[in-house]
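Trainee: I have a model open and would like to learn how to read it. Please take me through the features one at a time.

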Amino acid sequence: MSFLAPTRVRIQKEAIVRLTRSLKGNGKITVAPGQEVSPSEIIGTAFVSAGFRTINLAHLLEVSPQDIEKYIQRTVGQRIYKGELLAFKSSFLKGKKTIVSPTDGVVDFLDLKTGELRLKFLPKKEDLPAGVYGIVETVDSQKGHVVIQTSASLIFGMFGSGRIRDGILHVVTKRDEFLQKKFISASLGEHILVAGSLIFKDVITTAISVGVSGIITGGINAKDYKGMSGGRLIFPKKTENDIGTSIVVCEGFGSVPIGEDIYELLSSFDDKFVSVDGNKGIIYLPSFQSQSLIKVKNTQLPPIQENETIQYASEGTELEEINLGQRVRIIGNSYPGVSGKIIAVDQAETLMPSGINSFMATVETKRYRLKIPVANLEIIL
Amino acid sequence: MPNKLSGLFDSFDNLDQIDINNLIAWLKPTPEPIQIENYLANKILYPQTLPLTASDMKIELAILREALRLNGPKPTDIANAMLGDNPYLNITLRKIIIPAHFLRFVPDLKSLTWAFVDGLLINRKKKDIFEDLWTVVLVSETDEVVGSVVTPEFKNKQDYVDLNILGKNLRVKAGSLTVIPCSKNRCKIAYKFANGKLLGKKEAALEISGGRLGFLIDGRNV
């Protein structure tokens, strides 16, 4: 008797893919289609405005709001640098009061009703490195996008959240550990973190606040995932979401260690530039070998389609016959995420403690052998 | 070759709308909500998987109860009630409809029927006395009547009904749920309540459908 099981591609090595690099604000792209690029090469420059700060001058100068114009030393639209005089008041009785600018910025707005001054931070110049070895395919100067063809290994997670983000990969924990809040520091801003078996909501919010680009985890609590995916659990996702960081969940719900296959590959990219697409649940690990350019040059990708159908990581699983020696992953709520090799498939049903009769397969992992219903297996391709 | 393996919850596409607190209410001892929420989410992710343990089967049955409650007839449906308006409960014909393939995932017919009663009938306000009696039908290519569900009207917690089924006497107390085997197609029963009623009568004899379930007397609604 033969049995069928769903298949899943978890890792695709050295595929030629398109990666989109985007400026973080208005700026200029400095490469052209057909140009070869290397990871450190600057392909564009953007000027990023980092927000504003409000200062209540009326309160600080101890004057009425409508009078602050008399004391301000800069006009609206004028640039000011940190430590320069912003406002000054001299009084016979109360003495001199000087207000200096707390940061570099531009006087953006003066509110004579409240006495507040809004200081817009000076735009910062941010260079965009290519991040990968590749060939520029298209440039969209208006949107600040550059599409680069590159060689990358792909990891297909189960699901996730968030738009495409990139950064330096940082393996923070072992594959079966929880990522704790204390591990997240400001120095991890714009990094992609590998988080182990579970991430909690407070870790995600801390990561967002320090500007972490993405988190890769084995598991997540359903409640937290619902909170970032519009309150629904639909697979594959029908809508895209973004909470300010991109998350790829590799295994399932609850505490599930990242599979050894995925963790080993991620570890080999520790400290390297990677990209994550949370909404599709895909991790791109671009090759850091310059020789990869040869393969990129010799590969012709099909043209970019307008309104291309989005392919999600959890889509397109097909059924295949279970055979001895196949690598499988245990799915469902018992032994989740455990993977191994099929060494036997029973030809008679076994009555399980749940009361269900099922055909069982014996799966050999690195540490033990398990008898699992064939319905709870997924063939790893 | 099929492109998908079937599971118990294939026909429910709104399992994520189940209120976890309602789900937990079916489980004793009370589990951690987070565990049950993750269990349900993994079930949505891998609907074809089978529960291995008895406690996992209890969770599956709790999910089934809540899924049926979500997808059963709503009070607003009554105005448009037609034959076959709900896939699990036909109010006009007073039938509980159990897809036969569910037995592959819950082989114990008694537990499966109990889940259907909990999901579809337990909070249902009866429209008339005829809703005291439901026929249980297993549906596949051919229908199989497997028994009946009787929901008597007990007056108080001390109430009881004395039954005579196929010549055997039996007392069923208010607040209990009892399954009585009767493999015949039609089973004769005579009943006499202390205070309550069945089909509007305190005392009567009638013939109800039997089968591999027999009949389930649900006296919990006191």
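Mentor: Start with burial: a residue is buried under 20% relative accessible area, exposed over 50%, and partly exposed in between, with a 1.4 Å probe and protein chains only. By that scale, 48% of the 381 residues of chain A count as buried. Some ground rules: this is a predicted model, in which local features need pLDDT of at least 70 and side-chain atom pairs count only at pLDDT 80 or more, while totals for chains, interfaces and linings use all residues. Side-chain values use heavy atoms, with hydrogens and water left out, residues are numbered from 1 along each chain as its sequence is written, and chains are lettered from A and ligands numbered from 1 in the order in which they are written.

Trainee: How many helices and strands are there in chain A?

Mentor: Helices (H or I, at least four residues) and strands (E, at least two) are DSSP runs, numbered from the N terminus. Chain A has 6 helices and 27 strands. Along the principal axes, the C-alpha atoms of chain A fill a box of roughly 100 × 50 × 35 Å.

Trainee: What share of the contacts in chain A joins residues 24 or more positions apart?

Mentor: Contact means heavy atoms within 4.5 Å. Among contacts in chain A with a separation of 6 or more, 64% are between residues 24 or more positions apart.

Trainee: Is A46(A) buried or exposed?

Mentor: A46(A) counts as buried, at 1% relative accessibility. This residue lies in strand β5 (residues 42–48) of chain A. Not counting residues up to four places away in sequence, A46(A) touches several residues, including L23(A), G25(A), K124(A) and E126(A).

Trainee: And D242(A): where is it found?

Mentor: D242(A) is in the loop between α4 (222–228) and β19 (246–253) of chain A. With a relative accessible area of 37%, D242(A) is partly exposed. Leaving aside neighbours within four places in sequence, D242(A) is in contact with G162(A), R163(A) and R165(A). The C-alpha atoms of D242(A) and N279(A) are separated by 8.1 Å, although the two are 37 residues apart along the chain.

Trainee: Which residues touch the most other members of the largest nonpolar core?

Mentor: A nonpolar core is a set of buried Ala, Val, Leu, Ile, Met, Phe, Trp, Tyr and Cys residues joined through side-chain atoms within 4.5 Å. In the largest one, of 91 residues, L64(B) and F116(B) touch the most other members. Helix α3 (residues 54–71) of chain B gives the largest share of this core, 8 residues. A second, separate core of 22 residues includes V48(A), V136(A), L154(A) and Y284(A).

Trainee: What should I look for in the backbone?

Mentor: Look at omega for cis peptide bonds and at phi for positive values. The peptide bond from K28(B) to P29(B) is cis, with omega near -5°, and P29(B) lies in the loop between α1 (20–25) and α2 (33–45) of chain B. Y335(A), a residue other than glycine, has a positive phi near 55°. Y335(A) sits in the loop between β23 (327–330) and β24 (339–351) of chain A, and is partly exposed at 38% relative accessible area.
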